[in-house]
Amino acid sequence: MSVAAANRRMLVKLVVIAVGMFGFGFALVPFYKAICDVTGINNLVKRDAPVNTQVDYGRTVVLEFDANTHGLAWRFTPVQRSVSVHPGEMVVVEYEIANRSNVPVVGQAIPSYGPQVAAQYVRKLECFCFSQQRLEPGEVRRMPVQFVLDGGLPPEVNTITLSYTFFEVNAAAGAPRAGGAG
Amino acid sequence: MSAVLDTHGQHDEHAHHPSGIMRWVTTTNHKDIGTMYLWFSFTMFIVGGIMALVIRTELFAPGMQIVDPDRFNAMTTYHGLIMVFGAIMPAFVGFANWLIPMQIGAPDMAFPRMNNLSFWLLPPAALLLIAAQFVPGGGAGVGWTMYAPLTVQAPMSMDLTIFAVHILGMSSIMGSINIITTIFNMRAPGMGMMRIPLFCWTWVITAFLLIAVMPVLAGAVTMTLTDRHFGTAFFNAAGGGDPVLYQHIFWFFGHPEVYIIAIPAFGVISQIIPAFSRKPLFGYTSMVYATASIAVLSFLVWAHHMYTVGMPVEAQLYFMYATVLIAVPTGVKVFNWVATIWRGSLTFETPMLFALGFLFLFTMGGFTGLVLSIVPIDVQLHDTYYVVAHFHYVMVAGALFSAFGGIYFWLPKWTGRMYNETLGKWHFWLSFIFFNVTFFVQHFLGLAGMPRRIPDYSLQFAEFNVISSIGAWGFGLAQILFLYIVVSTIRSGKPAEQRQWEGADSLEWTHLPSPPPYHSFETPPVLR
């Protein structure tokens, strides 16, 4: 093969490489998107999960739940006995009440805390104890308590017991009285 | 040794080749084209240098002095583009044109007409880059990296710039094809690939890098162009694109580009140092492999230019380690040069001074590069003057000093006349001192937090900026001396010997007179 012919063959090969690399530049576009999809980075459509910077992950407090009734024919139980929470974290727990009598009953729950100092650090946003509860005969109801544990909780408190007691508001159903404390 | 002389050379079709300007327009002679490349490159060096002086004069004192911020941004942009694509790269292509056929015993480049075309594409591209300063809206102040999305909003000068980059890219690719084909196919009989001078090896590797990455840059600027005018949204987040993608594509080109500039400089240094040490290069084979591994690694480290865009820490770690790895083959090269000097019979003519200046300052630039490769440090130093100092140590003290050294080294061969050694040494020392005055203090500015590409700065940076600006003017004026030296050498230098440097042993010194005949090695040389 003459030098000129060899040169032409080499020219063709090198031009093919150059053209191929021009295509490669454009191939980087879908390649980049695929990498981002697979690794889940840089996805502009997916909303970022909000990170709550107020949560103190370095501290865990156990909350125990207790339920009592006073003079009502209700079954009243916490759905979970206890949860471990970080201060600042939003927590939702549930209680269940059932009216075992054959008349409608109105009740009001009163919370208490052990230790007592914890009362001001359990910041309730939603609670069945905010209002009176009226249950028809045989009715069963699940009710949430939503709260955030304040970060100012004294460091020696590692366990908080949250206890509710239901009191009957009046024996005759209806005619609710004002009342009910958080 | 047998000098292959064809002194009555002008025969056949060459007997009536055009004279005057048409000789240069129509020439297919590698020596003519090499000369044109070098003069073009020097012209662009002056243009880019004037832009640098505008920048440094503006930065002489805090507050706004001589240009408005848009013009300042345009100056930083076109200074970078013109120096990289107009000055440094064509300079080494000029060396390649002049030297490769003579060093491998070939009569000319493989594709002489394409060679002519690849040179004559450069002046239009340069005119586009210069004209971009004068169109409505002024030059595009987007930085030489041309990051999206700013480029999508830039004035029409951006389009001129994009076309200029396209043309320059085509020129480089054609030049590279020519170089690879010449070296692979047209070596003198008996000259195996591991016997070619190291300068030729560095150009083989550089040419492959160019063929691989210039098309990628062309793609990136094409996407920018279609984003600007044809409704695509490659880099426009509003249309589903991603500006960070531009940075990835650009630096996939951009990092090999760093070595496209540096590797031919390594080649020139690898010719000069053995000649003035009067010893063969310490480790030829290891030098070839080190250069090749630098080239391969250069494809794997691009994102170290963009640590701060918000990439996963795993990616940052990978790019950091891969970048640090490049220090290994680079270290092989530096130790090779030092070991060549070791116990050599040294003399310190101007080319050797520039080579030693290169060795000293390029190594410093390499070390600041290592500093910047470390993610936590880079996050601090990103886009500060530390980066500016770093890359000027590798671009100016690396590539430019190497080009100066190469010109002094081969000027006796090319012109047949010897330059003025005293003035050459003056040129070296002025360049060396003023280079360091200009750029060494920029390390401190960067460490203190001065951002790059901003026309104004806080008062606490004032003193170092004064020093840097004085150094820049000194460095710029010293280059007038260089022009004088070259012109006076061509006009009235003392005749040079065939083998002006007795330590130089490649074919252009051993087989060809000074100056070489217009057509050399029409019959291949006989190798011992």
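Trainee: Of the 182 residues of chain A, what percentage count as buried?

Mentor: This is a predicted model, in which local features need pLDDT of at least 70, side-chain atom pairs count only at pLDDT 80 or more, and totals for chains, interfaces and linings use all residues. Residues are numbered from 1 along each chain as its sequence is written, while chains are lettered from A and ligands numbered from 1 in the order in which they are written. A residue is buried if 20 or more other C-beta atoms lie within 10 Å of its own, exposed if 12 or fewer, and partly exposed in between, with C-beta atoms placed from the backbone. Of the 182 residues of chain A, the share that counts as buried is 18%.

Trainee: Thanks! What order do the elements of chain A follow from the N terminus on?

Mentor: Helices (H or I, at least four residues) and strands (E, at least two) are DSSP runs, numbered from the N terminus. Chain A has 1 helix and 9 strands. Written from the N terminus on, the order is α-β-β-β-β-β-β-β-β-β.

Trainee: Among contacts in chain A between residues at least 6 apart in sequence, what percentage join residues at least 24 apart?

Mentor: A contact here means two residues whose C-beta atoms, placed from the backbone, lie within 7 Å. Taking the contacts in chain A between residues at least 6 apart in sequence, the part that joins residues at least 24 apart is 74%.

Trainee: Let's look at where the chains touch. Which helix gives the most to the side of chain B that touches chain A?

Mentor: The contact draws 20 residues from chain A and 25 residues from chain B. On the chain B side, H7 (157–185), H8 (198–229) and H9 (243–277) each supply at least two residues. With 7 residues, the helix that gives the most is H8(B).

Trainee: By class, how many residues on that side of chain B are charged?

Mentor: Ala, Val, Leu, Ile, Met, Phe, Trp, Tyr, Cys and Pro count as nonpolar, Asp, Glu, Lys and Arg as charged, and the others, Gly among them, as polar. The side of chain B that touches chain A has 20 nonpolar and 4 polar residues, and the charged count is 1.

Trainee: How are H1(A) and H7(B) oriented to each other?

Mentor: Axes are lines fitted to C-alpha atoms, for helices over the stretch in contact, and angles run from 0 to 180 degrees between N-to-C directions. H1 (residues 3–39) of chain A packs on H7(B) at an angle of about 140 degrees, with the axes 9 Å apart. Angles under 35 degrees count as roughly parallel, over 145 as roughly antiparallel, 65 to 115 as roughly perpendicular and the rest as oblique. H1(A) and H7(B) are therefore oblique.

Trainee: And which hand does the crossing of H1(A) and H7(B) have?

Mentor: Residues that meet here include A:Met10 and A:Leu14 in H1(A), and B:Ile177 and B:Phe184 in H7(B). A crossing is left-handed if the near helix is turned anticlockwise from the far one by less than a right angle, and right-handed if clockwise. The crossing of H1(A) and H7(B) is right-handed.

Trainee: Within chain B, how do H15(B) and H16(B) run relative to each other?

Mentor: The axes of H15 (residues 421–447) and H16 (residues 462–492) of chain B come within 8 Å and cross at roughly 155 degrees. Their crossing is left-handed. The angle makes the pair roughly antiparallel.

Trainee: Is B:Ala91 buried or exposed?

Mentor: B:Ala91 lies in H3 (residues 69–104) of chain B. Beyond its neighbours within four places in sequence, B:Ala91 is in contact with B:Leu38, B:Ser41 and B:Ala403. Since 28 other C-beta atoms lie within 10 Å, B:Ala91 is buried.

Trainee: Now for backbone geometry: which residue does a cis peptide bond join to B:Ala148?

Mentor: Omega of this bond is about 0 degrees.

Trainee: What is the phi of B:Met146?

Mentor: B:Met146 also lies in the loop between H5 and H6 of chain B. B:Met146 is buried, with 23 other C-beta atoms within 10 Å. Although B:Met146 is not a glycine, its phi is positive, at about 55 degrees.
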